[in-house]
Amino acid sequence: MKKRARKAADGNRNTLRLQDFLPYRLSVLSNRVSGLIATEYSDRFRLTIPQWRIMAVLAEHEELMARDIEPIVRMDKVAISRAVRVLADRRFVRRRASREDGRVTWLSLTASGRRVYQQVRPIAQRHEDRLLEALNKQEIDALWRLLDKLDLQAERQAQALEGEE
């Protein structure tokens, strides 16, 4: 792969080249990788990417309040709500109203949901392994450190914007 120039040849920063714009590149890569994985599980299990992500989060956390999913998966609340509704209708997710606060809904995987998760998880992991084959151990370690740093910086920027409102 050719190294890309970070700036236009004349050094002009008045033009935004998408191929040199980090948010665009991260989005394209994320969509490409998620799409590769999804092609394998969507036909077989009739799951969308948002549905799979919610199942993965619930598998990791056992039970969560519905409102706590959005900050974890960073998806639109409407997309989350729609995905949870479908997963509940298919009996992959159990919704339980809180006894203390009727506005709170707890979510967890059902036994059926856990079985599907256990079948999709190795598919996702296999795709991750194949993708990471392009990197050596030091590069993988560096990648995770850099992703953590960028995530922290993005969180700081979001907090700063919230503080301005």
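The exercises below, each with a worked solution, concern a predicted model.

**Exercise 1.** Determine in which order the three strands of the open sheet stand, and which strands stand at the edges.

*Solution.* Begin with the order of the strands, which is β1-β3-β2, with antiparallel pairing. Next, consider the partners: β1 (63-65) and β2 (93-97) each have a single partner strand, so one side of each is left without a neighbour in the sheet, and these two stand at the edges. As a further step, look at how the strands are turned, for neighbouring strands of this sheet are turned by 25 degrees against each other on average, when direction is ignored. Finally, examine the pair β2 and β3, which run antiparallel and are joined by five bridges; here Arg 95 stands opposite Leu 107 in β3. Helix α4 lies across β2 and β3, and runs at about 105 degrees to β2.

**Exercise 2.** Decide whether Ser 108 is buried or exposed, and find which residues are in contact with Ser 108.

*Solution.* First locate the residue: Ser 108 lies in strand β3, which covers residues 105-109. Then take the relative accessibility of Ser 108, which is 9%, and compare this value with the cut-off, under which a residue counts as buried below 20%; Ser 108 is therefore buried. Lastly, leaving aside neighbours within four places in sequence, list the contacts of Ser 108, which are Leu 58, Glu 62, Glu 63, Phe 92, Val 93 and Arg 94.

**Exercise 3.** Work out how the axes of helix α2 and helix α5 are placed, and which residues of the two helices meet.

*Solution.* Start from the axes of α2 (residues 49-61) and α5 (residues 111-132), which come within 10 Å and cross at roughly 105 degrees. Because angles of 65 to 115 degrees count as roughly perpendicular, α2 is roughly perpendicular to α5. Now turn to the residues: Trp 52, Met 55, Ala 56, Leu 58 and Ala 59 in α2 meet a set of residues in α5, among them Gly 113, Val 116, Tyr 117 and Val 120.

Terms used. Residues are numbered from 1 along each chain as its sequence is written. This is a predicted model: local features need pLDDT of at least 70, side-chain atom pairs count only at pLDDT 80 or more; totals for chains, interfaces and linings use all residues. Side-chain values use heavy atoms; hydrogens and water are left out. Axes are lines fitted to C-alpha atoms, for helices over the stretch in contact, and angles run from 0 to 180 degrees between N-to-C directions. Helices (H or I, at least four residues) and strands (E, at least two) are DSSP runs, numbered from the N terminus. Angles under 35 degrees count as roughly parallel, over 145 as roughly antiparallel, 65 to 115 as roughly perpendicular and the rest as oblique. Contact means heavy atoms within 4.5 Å. Buried means under 20% relative accessible area, exposed over 50%, partly exposed in between (1.4 Å probe, protein chains only). Two strands pair if DSSP finds at least two bridges between them.
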